[in-house]
Amino acid sequence: MSENVIYSINGPVVKVKDTVDFSMLEMAYVGKKKLMGEVISIDREFTTIQVYESTTGLKPGEPVYPTGSPISVTLGPGILRNIFDGVERPLKTIAEASGAFIPTGSNVDPLDKEKKWDVTIKVNVGDILSEGMIYAVIPETDLIEHRLMVPPKMHGEVLEVKKDGQYRLHDTIVKLKTPEGGIEELSLCQRWPIKQARPVKERLPISIPLVSGQRIVDTLFPIAKGGTAAVPGGFGTGKTMMQHQLAKWCDADIIIYIGCGERGNEMTQVLEEFTELIDPKSQRPLTDRTVLIANTSNMPVAAREASVYTGLTLAEYYRDMGYHVAIMADSTSRWAEALREISGRLEEMPAEEGFPAYLPSRISQFYERAGYMKNLNDSEGSVSIIGAVSPQGADFSEPVTQNTKRFVRCFWALDKALAYARHYAAVNWTQSYSEYVGDLTKWYNKNVSPRFLRDRQQIMALLGEEAKLMEIVKLIGSDVLPDDQKLIIEISRVIRVGFLQQNAFHKDDTYVPLQKQLRMMDIILHLYKRSKEVIASGKSIQYLIQSGLYEKVIKIKYDVSNDHLEKLEDYFTMIDETIAGL
C-alpha cells in the first residue's frame, strides 16, 4: 500500500499531505477505485490533484498512486468513427460493458487492442528513419489512410521488419537500432501528453481558405486553413447549428467535434445527426472522417479542461500525417467555467467576474496550437479551430468573449434579433470581421476570380450604408428619404435575404460553390448599377419595385441549382430587358 493518502477532498480537488513523490502535471490514481487525476499544484505541505471523475464516495485516508508520466492519449488506428469522453475513454465500449452511465474508475483501453488491422510496411531493413517518418500505412476508414509515424525524438536504423499483413495495436512491426545502441520497438500506436503541442518543422504562412459553402463565411468573413475563428452568441442564436454546417461541408479532411460542457440532449442530437449524415464529397458516412469527444454538462467538471486538449492532440496527430483537420469546440465558455470552478476550490485570487487571472493565457495557448504547418516528415497539414462562445445574456463584453477576441483572427458574432427573425446563419455583418481577407487575396484571384473580393468590398459598403440609413428610418420613417437612398435599402434587402440568408435544409442552398457565390454577387451588383441609372433618369423607385425584379433576384438561390450555373447568365439579360421596358 502506498504511504501517500488523501488528506482532504473538496469537489474534484484532492489534497495529499507531506509527500515528495509527485511532480507537476503528473497523472495520479486517486482512491481505491483508482480515479484518474492530475497534479496541479505542489508546495512544502500539500500536493493538490484535480480528479477527472466524480469523487462521490471518496474518503480521506484512501491511497493515492503516482504514475510518473503526464496525462497522455493513445494515438493509433481506431480513433476515427469513435466517440470518446474528455480523457479518451471510448463511450461505446463503456456503454456495452456497464450501461448508460460511466462507472467511476472504469479503466478501459482507448482503442481496441484485439482488433486486427491491414498493415502495409513502407520501410526495409537498413533504412535510416528519423522522427515523423512514415513506416507503415493502414486503411483506417474508406476515406482516410492512417499513416504510422516514428514518434518525435526517436531515430535510428531499421534492424527488423515484419511482412505486410494483419496486426494488433501493440504488435511490434519494426525494430530500430538507435545511435546509442539501444533497440526501439515500433507498434501501431504511440502515446503523447495532451498539454504538450506536437513538434513540427516550421509554421507556414496562411494562404488557403477553408471553403465551407456558407456564403456569409466564404464571401464576407472567410477563415483560412490553419486559422482560428470564434462564434459567440446568446442562447438559441444557432452556434451549434453553424458548427454542424461547417463540420458537414467545410473542405477539411478530418473533423474533430468537442462537445465541452454541452447539454446531454444536444450532444445526443450531434451523435445521431453525424451517424446519419453522408459525406457530400465521397457519398460515404460522415463518421468515416469524424471523431466526437463528448463531455456533457453532467460529467465531472475537471474533465472539461482535459477534453479540449485531448481533441487538440488527436487533431495534431492527423495533421502530422499530412491531413487538414478542423476542430469544432462547443463551447469554450463552459471550459472557462470549469477553470473558474476549480480555481475557486483552490482558493486562488479571482480576477474579472470570478474567472482566474490565467484565463487569457489558457485561451491563447489553446488557439495558438492552430496553424498551417510543415511537418517533421516534410508533408503539409493544418489544424483550424472554430470555437463557440456562449456569453451569458448575449453580452459580448464578458471576459471569455473579450479574451477570445484577442487571440482569434475571425469573429462571427451571432445576433439574437436575426435568429428570432429566422435569418440563418444569424451572423451580424456589422459586428463580425475576418483578418484573413488580405492573406487569401492571391488564392481568390487565382482560383475564383479577381472580381470576387472587389464584389465583396462593394457588398460590404452597401450593407454599411444601409446600417447608417436605418438609424434615420427608425427616427423619422423611410418616406422622407430620396429615391437613391431608398434604392440602397432595397438592394441591401436583396443582399440580406437573397445572399446572406441561407437554408440548411434546401438541397441546393445548404452548400453553395464559390463560382455560384461570385455570380450571385455579380447579378446583385448589376441590378444595383442598372437601378441607379433608372433613378438618375428621373423615374420613381416604385416602378422598379413593382417590376418584380428584386424578388426574382432574391429567389436565385433556390431557382438555379448548383449543377446548372450557366442559367445564371440569363439573369443579366432579364435585368437589362426589364429595365429597358421601364
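Reply: Happy to. The largest cavity has a volume of about 70 Å³. This is a predicted model, in which local features need pLDDT of at least 70 and side-chain atom pairs count only at pLDDT 80 or more, while totals for chains, interfaces and linings use all residues. Residues are numbered from 1 along each chain as its sequence is written, and side-chain values use heavy atoms, with hydrogens and water left out.

A word on terms before going further. On a 1 Å grid over the protein atoms alone, a cavity is a set of points where a 1.4 Å probe fits but cannot get out, whereas a pocket is an open set with protein on both sides within 12 Å along at least five of seven lines; lining residues have an atom within 4 Å of a point. Grid points are joined across faces, edges and corners, and a volume is the space filled by probe spheres set on the points.

Back to the largest cavity: its lining is made of Gly 132, Met 149, Val 150, Pro 151, Pro 152, Arg 198, Pro 199, Asp 320, Asn 375, Leu 376 and Asn 377. Sorted by class, that gives 6 nonpolar, 3 polar and 2 charged residues. Here Ala, Val, Leu, Ile, Met, Phe, Trp, Tyr, Cys and Pro count as nonpolar, Asp, Glu, Lys and Arg as charged, and the others, Gly among them, as polar.

Helix 12 (483-500), helix 13 (514-536) and helix 15 (549-554) are the elements that give two or more residues to its lining; helices (H or I, at least four residues) and strands (E, at least two) are DSSP runs, numbered from the N terminus. Helix 12 gives the most, with 3 residues. The lining of the second largest cavity divides into 7 nonpolar, 1 polar and no charged.

Now for the open spaces. The largest pocket has a volume of about 780 Å³. It is lined by 33 residues, and the closest to its centre are Gly 238, Lys 239, Thr 240, Met 241 and Met 242. Helix 2 (215-220), helix 3 (239-249) and helix 4 (264-276) each supply at least two residues of this lining, and helix 3 gives the most, with 7 residues. By class, the lining of the largest pocket has 11 nonpolar, 13 polar and 9 charged residues.

The second largest pocket has a volume of about 610 Å³. Of its 28 lining residues, Ala 100, Phe 101, Ile 102, Thr 296 and Met 299 are the closest to the centre. Two or more residues come from each of helix 1 (91-98), helix 4 and strand 21 (290-295). Helix 4 gives the most to the lining of the second largest pocket, with 4 residues. That lining holds 16 nonpolar, 9 polar and 3 charged residues.
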